[in-house]
Amino acid sequence: MILIYRGVGGVSDPITSQIRTHMKATKQPGFATRAIHHGQEPDPLTGAVTVPIYATSTYVQQGIGEHKGYEYSRVSNPTRTRLEQNLASLEGGIAAPVFASGMAAIHAVATMLKAGDHVVCGNDLYGGTPRLFNQVLTGFGLEFSYVDTSDANNVERALRKNTRMVYVETPTNPLMRLSDLAAIGKICRRKNAQLVVDNTFMSPYFQQPIALGADLVVHSTTKFLNGHSDGLGGVVVCTRPEQAEKLAFLQKAVGAILSPFECWLVLRGVKTLAARMEIHGRSGRVVADFLAQHKKVKQVFYPGLPDHPQHELAKRQMSGFGAMITFETGSLKNANRMLKKLSVCSLGESLGGVETLISHPATMTHAALGEKGRKAIGLTDGLVRISVGIEDVNDILEDLDQALAAI
Ligand SMILES: *Cc1c(COP(=O)(O)O)cnc(C)c1O
């Protein structure tokens, strides 16, 4: 029987119909049900409703080569297995190896390539990603080019004979530019390049890149998937067995795996993903509308606003608009004046937690790009990025209003 998901508090959103369509197509339980139950079945030994934390490095064997599928926890651990099953289900993949952080996951993806391979990347990625690519991996013979992937033609033009991967974030961080995943996916298939999508900003609740043509999906689970700002982690969701085998090998060979306790935190966090994302998305729209009408705010970047240049693509490609908003305060001085006044919202790195987090991209996430690099993509010193939390939205609005009065 197929249950109809109605959303939290009866909010009727495009998400509802999209999830319904998805469920009909896949004949699976709905997203929120899978988040709570898939891989999170009661413990067969005791009936415990939460997955136990298997704090063990090794496993007793019954004889040479005789064991219950677990030999050593760098290779596999039951708590980790459960999380990997859960996240694979939520993204519509076949496996989802988890790593010690988002960066460790992205590193694992890149090390699936070999020296001499080329990657086409978005030019407006999370700052740590180009840092890893340019300052670490070029030293091992990988080549990277950066293009504005909001125009799929730019991807096509940047492809070379040795291009093996196209790496995109949509929406981008912090300028909220979208890339048309279906269009880029088609180009990649034609040219035999794997499409990798960092889906951290939207979470699988609002965006399903695999359904649109992605070959691999990465996340910093540190953000919305965990959702409580209490642990780092990363995941790579696979669509093909050879990818899963290679990444499992990299977990074993490199060892940047997620610990059982951190896995448990994500398993706990992900149970409320659907509920949290509904509120994040609803409050995100309210905050974006408020900022768009505020006279101290010069520009708002949010795909849910009708004047966002890719609003139509946003409606087509995502089932909600998320909680990430960037806005222009005019100058570094204005940004600092405002940020110093915040009380409900916190100034800090990161995003996707239950608490509203505000960051200053030019000096935080995108400092490594340098002034020239930032200028090239239009990332100004006055930009402020907000990850709208699930506090009472009126308190968030009031806090922003009093902080903006300082400009
Ligand atoms: C935070 C983040 C990362 C890096 O993840 P960590 O868990 O901090 O290593 C990668 N991509 C995006 C979009 C992020 O927001």
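I'm working on a predicted model, where local features need pLDDT of at least 70, side-chain atom pairs count only at pLDDT 80 or more, and totals for chains, interfaces and linings use all residues. Numbering runs from 1 along each chain as its sequence is written, and side-chain values use heavy atoms, without hydrogens and water.

Helix pair. I looked up H4 (residues 102-110) and H5 (residues 128-135): they pack at an angle of about 40°, axes 10 Å apart. From H4, Met 103, Ile 106, His 107 and Ala 110 meet Gly 128, Thr 129, Leu 132 and Phe 133 of H5 (contact: heavy atoms within 4.5 Å). I sorted the residues of this contact into five nonpolar, three polar and no charged, with Gly counted as polar.

Cis prolines. I checked the loop between S4 and H7, where Pro 174 sits. The Asn 173 to Pro 174 peptide bond is cis, omega near 10°. Pro 171 is in the loop between S4 (163-169) and H7 (181-191), and the bond from Thr 170 to Pro 171 is cis, with omega near -5°.

Asn 192 is not a glycine, yet its phi is about 60°. I find Asn 192 exposed at 67% relative accessible area (exposed is over 50%, buried under 20%, partly exposed in between; 1.4 Å probe, protein chains only). Ser 229 also has a positive phi, near 55°, and counts as partly exposed at 42%.

Methods
Axes fitted to C-alpha atoms, helices over the stretch in contact; angles between N-to-C directions. Helix = DSSP H or I, 4+ residues; strand = E, 2+ residues; numbered from the N terminus.
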